[in-house]
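Colleague: I would like to learn how to read a few features in a structure like this one. Could you take me through them?

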Amino acid sequence: MVIGALLGSALIAVPVAAHATAPGSAPAASAAAPAATVAAAVGLDDPAKKEIAMKIVSSAENSSLDWRAQYKYIEDIDDGRGYTAGIIGFCSGTGDMLDLVEYYTQVKPDNVLAKYLPALRRVDGTDSHSGLDPNFTKDWAKAAQDTEFKKAQDHERDRVYFNPAVKQGKADGVGVLGQFIYYDAIVMHGDGSDSTSFRNIRKRALTKAKPPSQGGDETKYLNAFLDARVWAMKQEEAHSDTSRVDTAQRVFLKKGNLNLNTPLDWKVYGDPFHIG
């Protein structure tokens, strides 16, 4: 299941290094150059690539490629973060679930979850269900039938996790796979100040290799980042199974699939997945 984390301040991104493009003086007869330039410009925020990212994360978090079926998901997985729910594992104990319900209530004040806001504020930072039980899970599932709640989940996923990961990935000069590797890390670890947060995983990687934006080799840098990610995962029992890195992200990287092109084949927790 997706595990949220306390979020710190926004990522500080350096200017994006320019991708290689055809020189302005290139002969017009070079037909391949425009296509190559367009391909290099594609990021994880490209709709087709983003759909792939959602499916891969869902394979690890929900053992399914059907990420849209997870809007209604909610349970306490006994990881000390209270309830984990929705498409990205918003947690009652880490603040992102509170932010989600607050945003949803701004959009639709009379929603079925609005009455839980005082309780969500009280339990933030704990694993308590005080004020949420016995009907919160039922009401969450009911809210998940509302298109506005689905849109709210999408909005918060992008604001808190997806957009910062893609922005930092582009700033570091990594391609689609690297941006996905960042996204998966920030989903699990958040971007707080603790040693296992996304920003500190990245800092740990930077002591071993330079990203492309600093003249480093992309594959070498991403391997260093994944090494740091595995270290962070092993610091907590709930994260200790590293197959989402070992038999998924490493597989794509070893194949040199830096653009995360299909077809894709990988395993998580021993279960095989395929995107054609």
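The dialogue below covers a buried glutamine, a hairpin and some ring pairs.

Modeller: This is a predicted model, in which local features need pLDDT of at least 70, side-chain atom pairs count only at pLDDT 80 or more, and totals for chains, interfaces and linings use all residues. Residues are numbered from 1 along each chain as its sequence is written, and side-chain values use heavy atoms, with hydrogens and water left out.

Colleague: Is Gln153 buried or exposed?

Modeller: Buried means under 20% relative accessible area, exposed over 50%, and partly exposed in between (1.4 Å probe, protein chains only). Gln153 has 0% relative accessibility, so it counts as buried. Gln153 is part of helix H6, residues 147-171 (helices are DSSP runs of H or I with at least four residues, strands runs of E with at least two, numbered from the N terminus).

Colleague: What lies 3.0 Å from a polar atom of the Gln153 side chain?

Modeller: The backbone nitrogen of Ile87. Beyond its neighbours within four places in sequence, Gln153 is in contact (heavy atoms within 4.5 Å) with residues including Tyr71, Phe90 and Trp140.

Colleague: Which residues make up the covered and uncovered faces of strand S4?

Modeller: In a regular strand the side chains alternate between the two faces of the sheet. In S4, residues 264-268, the covered face has Leu264, Trp266 and Val268, while Asp265 and Lys267 are on the uncovered one. S4 pairs with strand S5, residues 271-275, in the antiparallel sense over 5 bridges (two strands pair if DSSP finds at least two bridges between them). Asp265 stands opposite His274 in S5. The two strands form a hairpin with 2 residues between them, and Tyr269 in the turn has a positive phi of about 55 degrees.

Colleague: How many aromatic pairs does a search of the whole structure find?

Modeller: A pair of aromatic rings is described by the distance of the centres and the angle of the planes. Rings of Phe, Tyr and Trp (its six-membered ring) pair if their centres lie within 6.5 Å; planes under 30 degrees apart count as stacked, over 60 as edge-to-face and the rest as tilted. The search finds 12 pairs. The centres of Tyr182 and Phe198 are 5.1 Å apart and their planes are at 70 degrees, so this pair is edge-to-face. Both Tyr182 and Phe198 are buried. Phe252 and Trp266 also form an edge-to-face pair, 6.0 Å centre to centre with 75 degrees between the planes.

Colleague: Where do Phe252 and Trp266 lie?

Modeller: Phe252 lies in helix H10, residues 243-254, and Trp266 in strand S4, 14 residues apart. Phe252 is buried at 2% relative accessibility, and Trp266 is buried with a relative accessible area of 3%.

Note on methods
Polar contact = N/O pair within 3.5 Å; in protein donor to acceptor, adjacent residues only side chain to side chain.
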